[in-house]
Amino acid sequence: MKKTSFFLSLLLFMSILQGCQDTLPLESNHAPNKETYIDAKTSEWERFTTPTIVMTPFKTLEPQEWGEQVTGVKTRIKTDNKKIALTFDACGGDYGSGYDEELISFLIEENIPATLFINQRWIMANQEIFLELANHPNFQIENHGTEHLPLSVNGGEAWGIQATTSPEEVYEEVMQNHETVQALVGKKMTLFRSGTAYYDEVAVKIVQSLGYEVVNYDILGDAGATYTSEQVKNALLQAKPGSIALLHMNQPQSGTAEGVKKAIPLLREQGFEFVTLEGEILE
Ligand SMILES: [Zn+2]
């Protein structure tokens, strides 16, 4: 039994590393129970139990809200201090798997910490870069979903993307990427932002029951990487103490990097400190 799961896990790990498939790296019928994974950082075998979840209570709840700021979604750091968190999504997929190297290099040169919400599709397309970022002390890696879906227990749509349609699909959207990141870098993520940042409030409750906080933003930093650099700069200059800015690190042709470069010195002049969301109380 032990040997079987060893080889299954080895196959899983190899397929993740090779990235030779665009399907999910985990068995599609994977049971959310006990699985054995390799800790890629220490090369030690680690056994963990995926949080089990009783779906029944969620099945009887009828969602009343749909959007980016539904009940339970955090949008700010609870503080009166001049702190701002830059958060960068990496969405993945056919048009979303680029890497804004200019942006990330600037953040590293300027010693600006940031929280990176990363989708599993982006990880599969950029595995070496993902490992570098995950091991960099300035960056906090968090969960941007598996297939980049809006999160609902009964369907819906945002920006033309169909949402999940059941509590089980909500679970899969969060936990498949959770398990992939844990297998690759041994990190348990605790913050989630869905693809499109849309939810219903029952889906948010499920995510919370998995040990996560759902985090959106109070500053729309680049509007899905469509803003010019000037618009990005102006958006970031709206910062208030505790602001969370949503930007993207997967569209190098966008105005995001230039806008961030323009805004950061001005925010520093205003006395802002850049932080990740790690250890912060969110509201
Ligand atoms: Zn995204």
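Two residues are in contact if their C-beta atoms, placed from the backbone, lie within 7 Å. The structure discussed here is a predicted model, in which local features need pLDDT of at least 70, side-chain atom pairs count only at pLDDT 80 or more, and totals for chains, interfaces and linings use all residues. Residues are numbered from 1 along each chain as its sequence is written.

Consider helix α3, which spans residues 101-109; helices (H or I, at least four residues) and strands (E, at least two) are DSSP runs, numbered from the N terminus. Within α3, L103, I104 and L107 are buried, that is, each has 20 or more other C-beta atoms within 10 Å of its own, whereas an exposed residue has 12 or fewer and a partly exposed one falls in between. These three residues lie on the same side of α3 because they cover an arc of only 90 degrees around the axis, the arc being that of the directions from the helix axis to the C-beta atoms. E101, S105 and E109, on the other side of α3, are exposed. The buried residues of α3 pack against β4 (114-118) and α9 (256-269). After α3 comes N111, with a positive phi near 55 degrees.

The largest nonpolar core has 72 residues; such a core is a set of buried Ala, Val, Leu, Ile, Met, Phe, Trp, Tyr and Cys residues joined through C-beta atoms within 7 Å. Helix α6 (residues 167-185) gives the most to this core, with 7 residues. L116, A203 and A245 have the most contacts inside the core. Beyond its neighbours within four places in sequence, A245 is in contact with several residues, among them I84, Y217 and L236.
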